[in-house]
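Thanks for coming, everyone. Please have a look at the model on the screen, and then I'll walk you through a few places in it.

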Amino acid sequence: MIQTPDIVRPPRELIEALAEIGSATTAGELHRLGIRDPFIHGPVAWTPGKAIVGPALTLQFMPKREDLYSVDEYADPERQLHRHVLYHTQPGDIVVVDARADMSSGVFGSMMLTYFKGRGGIGAVIDGCIRDYPHAKELGLGLWLRGVTPNFHTQTNIIPFAVNAPVACGNTLVMPGDIIVADDDGAVVVPAKLIPELVQKAGAHHEWEEFTKMKLLAGGDLRKYYPLNEEARAEYEEWRKGQGR
């Protein structure tokens with residue numbers, strides 16, 4: 001019987017605190033915390049307008065070698081590790097897949113994604129493809145993909161190899177249990193140990209940007225309000241008091 005590890009999930013309140021921040025602010029603040037490029041390159045939003053934040057379940061694919069893996073789509077299902085990563089799903093989880101940027105294998109189809117949705121999963125970031133996209137997009141999941149294909153997961157070049165191990169998704173390291181922040185700008189990886197500090201810094205950044213957007217929309221001077229100069233900072237602090245913050 002195959003045994004695969006679960007992930008350690010951070011406290012729910014920390015995840016919820018990141019939910020309003022967005023991938024751009026998250027990436028910028030992570031850079032200031034020493035993470036040069038947390039962006040997952042390659043997968044793009046296939047469900048425009050969807051934004052998700054949650055812990056990463058991880059699945060690693062490797063090149064197919066027939067002497068090690070010749071399983072057909074429906075043969076011996078419990079050998080198929082793409083099923084096992086989904087067995088770990090808890091509400092709010094995101095599945096992140098290093099599919100080697102392969103464009104000819106559909107990592108998940110509508111049945112697997114329906115199961116994932118039923119378990120409370122909220123999205124998938126896949127450096128590769130899914131199949132059954134017309135049905136998958138109706139599930140309400142957030143999907144960040146390289147593309148779609150009619151082929152099943154092991155039909156051509158790759159095989160699922162490891163569950164909840166470190167993966168290189170879009171050539172970006174994702175550790176099991178890291179937090180993914182994904183929206184129409186793309187998907188960003190938040191190292192688990194940096195979450196508390198990021199919540200504090202990104203929350204403050206988001207708040208002053210809210211004030212700045214209001215001022216710029218009203219015709220305010222870009223040189224004064226972005227970034228805030230000393231005079232604008234004093235205005236911002238008064239505005240915060242008026243907001244009860």
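H6 and H8 lie roughly perpendicular to each other, because their angle falls in the class from 65 to 115 degrees. Under 35 counts as roughly parallel, over 145 as roughly antiparallel, and the rest as oblique.

A quick word on the source. This is a predicted model, where local features need pLDDT of at least 70, side-chain atom pairs count only at pLDDT 80 or more, and totals for chains, interfaces and linings use all residues. Numbering starts from 1 along each chain as its sequence is written, and side-chain values use heavy atoms, with hydrogens and water left out.

Back to the helices. The axes of H6 and helix H8 (residues 230–242) cross at roughly 105° and come within 11 Å. Axes here are lines fitted to C-alpha atoms, for helices over the stretch in contact, and angles run from 0 to 180 degrees between N-to-C directions. Helices (H or I, at least four residues) and strands (E, at least two) are DSSP runs, numbered from the N terminus.

Who touches whom? From H6, the residues include Trp208, Phe211 and Met214; from H8, they include Tyr236 and Trp239. Contact means heavy atoms within 4.5 Å. This contact has seven nonpolar, no polar and five charged residues. Ala, Val, Leu, Ile, Met, Phe, Trp, Tyr, Cys and Pro count as nonpolar, Asp, Glu, Lys and Arg as charged, and the others, Gly among them, as polar.

Helix H6 (residues 195–217) also packs against helix H2 (residues 23–32), at about 125° with axes 10 Å apart. That makes H2 oblique to H6. On the H2 side, Thr25, Thr26, Glu29, Leu30 and Arg32 take part. They meet Leu198, Lys201, Ala202, His205 and Glu209 in H6. By class, that contact has three nonpolar, three polar and four charged residues.

Next, the backbone. Where is the cis peptide bond? It joins Tyr226 and Pro227, with omega about -5°. Pro227 sits in the loop between helix H7 (222–225) and H8.

Now Asn164. Its phi is near 50°, a positive value in a residue other than glycine. Asn164 belongs to the loop between S8 and strand S9 (167–169).

That's the tour. Questions, please.
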